[in-house]
Amino acid sequence: MSDSLPPIAAERLGDAERRFVENFGRYYEREGFAYPLGCVLGWLVISDTPCQRASEICERLGVTHAHVDRVAEQMVPAELLDREELDGGDYTLSMRDEAWHKAVEHTFCSWPQFHAVMQSGLDRIDDQPPGRMNRLRSMEDLFSYLSVELPTVMRRFEEKSRLA
Amino acid sequence: MSVTTTEALRQPTDAEREFIDGVAAYYQMNDGMPLARGRLIGWLVICDPPTQSARSLSAKVGCDESDVDYILGLLVPSGVLQRSEAPDPDDFLVKMDDTAWPERVKAVFANIPVFHEILQQGCEALAEAPAERRRRIESMERLFGYLSVEIPAVIEAYEQRSKEPMEI
């Protein structure tokens, strides 16, 4: 596991900013992402301004362009980040204020649809040797529960936010 | 287990194809993932045997080796998939364990309180920053503060339900 950003980042981030970005990177590394990718994402949570050029991110954090490209590849289609192309091959990434909220809500509320695919798979793919469907069965069991509970959790959050 | 059996080489049936296309459509619609990569995930959930060579995976779902590499890059570090050496040094084996996916989902949820602590630290780091800059992280901190209480309770209830004997 990586411990910290390259020394260049210490010169270009405040101490508290660097600690946050590094902790974010470590968290994502534990979740299976490469450490620099989590650092890029963490920086985009607190960057000033919200819209950052890919080349600027590389310079500030001491990460490679490939790292920023990978974050863009994963997070732009998921609508967590917005991407705009610039002249000269560079581009900007930005995170809208409510992007994370929307992404989590979208994911949780999409799980009934995911569960329906699993359920249909169990119904349609029959006459199988014992054990073959264990992977699908274990997923279907968890998602049958979460696909009901998690949209409810999000609805309660929306209600709580409205009343706050 | 050998992966060069007749079963490993046959093409997906109509019902299997319907399932992997359903998984692919879900990931394309919700995460913007190219269909070939989503089909690969779907096939890894139902393939028989569970261990498949990368080359046979590409052939079965009609994807490039780069798609296999991408999905492995996404799911091997998090433990959903396992990668091991194949008899052919130019190939490798991929496997999903029976409970790998649900265990992964539960592990991500169990870590939400840790994520929330990091966000709290970020809010403190930006305490003196202009309101406009703080908005992203404050919005996240509010959401994950809520989820760090609610989600563990949901998972605990699920685990409890799983332990209860089924009604006949």
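Student: What does Phe24(A) touch, not counting residues up to four places away in sequence?

Tutor: Phe24(A) touches Gly38(A), Leu41(A), Gly42(A), Val45(A) and Trp100(A), and from chain B it touches Phe115(B), Ile118(B), Leu119(B) and Met140(B); contact here means heavy atoms within 4.5 Å. This is a predicted model, in which local features need pLDDT of at least 70 and side-chain atom pairs count only at pLDDT 80 or more, while totals for chains, interfaces and linings use all residues. Residues are numbered from 1 along each chain as its sequence is written, chains are lettered from A and ligands numbered from 1 in the order in which they are written, and side-chain values use heavy atoms, with hydrogens and water left out.

Student: And in the largest nonpolar core, which residues touch the most other members?

Tutor: Phe24(A), Trp100(A), Trp101(B) and Leu147(B) do, in a core of 102 residues. Such a core is a set of buried Ala, Val, Leu, Ile, Met, Phe, Trp, Tyr and Cys residues joined through side-chain atoms within 4.5 Å, where buried means under 20% relative accessible area, exposed means over 50%, and partly exposed is in between (1.4 Å probe, protein chains only).

Student: Ok, Met154(A) next: buried or exposed?

Tutor: Met154(A) is buried, with a relative accessible area of 1%, and it lies in helix α7 (residues 134-163) of chain A; helices (H or I, at least four residues) and strands (E, at least two) are DSSP runs, numbered from the N terminus. Leaving aside neighbours within four places in sequence, Met154(A) contacts His101(A), Val104(A), Glu105(A) and Phe108(A), together with Leu143(B) and Leu147(B).

Student: What lines the largest cavity?

Tutor: Its lining is made of Tyr28(A), Phe33(A), Leu37(A), Gly38(A), Leu41(A), Val71(A), Gln74(A) and Met75(A), with α3 (35-46) and α5 (65-75) of chain A each supplying at least two residues. By class there are six nonpolar, two polar and no charged residues, counting Ala, Val, Leu, Ile, Met, Phe, Trp, Tyr, Cys and Pro as nonpolar, Asp, Glu, Lys and Arg as charged, and the others, Gly among them, as polar.

Student: And what about the largest pocket?

Tutor: About 1500 Å³ of space lies in the largest pocket, and of its 49 lining residues the closest to the centre are Phe33(A), Met75(A), Thr107(A), Asp31(B) and Val108(B). Helix α6 (residues 99-124) of chain A gives the most to that lining, with nine residues.

Student: Last one: how many disulfides are there over all chains?

Tutor: The count is zero, taking a disulfide as a pair of cysteine sulfur atoms within 2.5 Å. Cys51(A) is in no disulfide, and the nearest cysteine sulfur, that of Cys58(A), is 15 Å away.

Definitions and conventions: On a 1 Å grid over the protein atoms alone, a cavity is a set of points where a 1.4 Å probe fits but cannot get out, and a pocket is an open set with protein on both sides within 12 Å along at least five of seven lines; lining residues have an atom within 4 Å of a point. Grid points are joined across faces, edges and corners, and a volume is the space filled by probe spheres set on the points.
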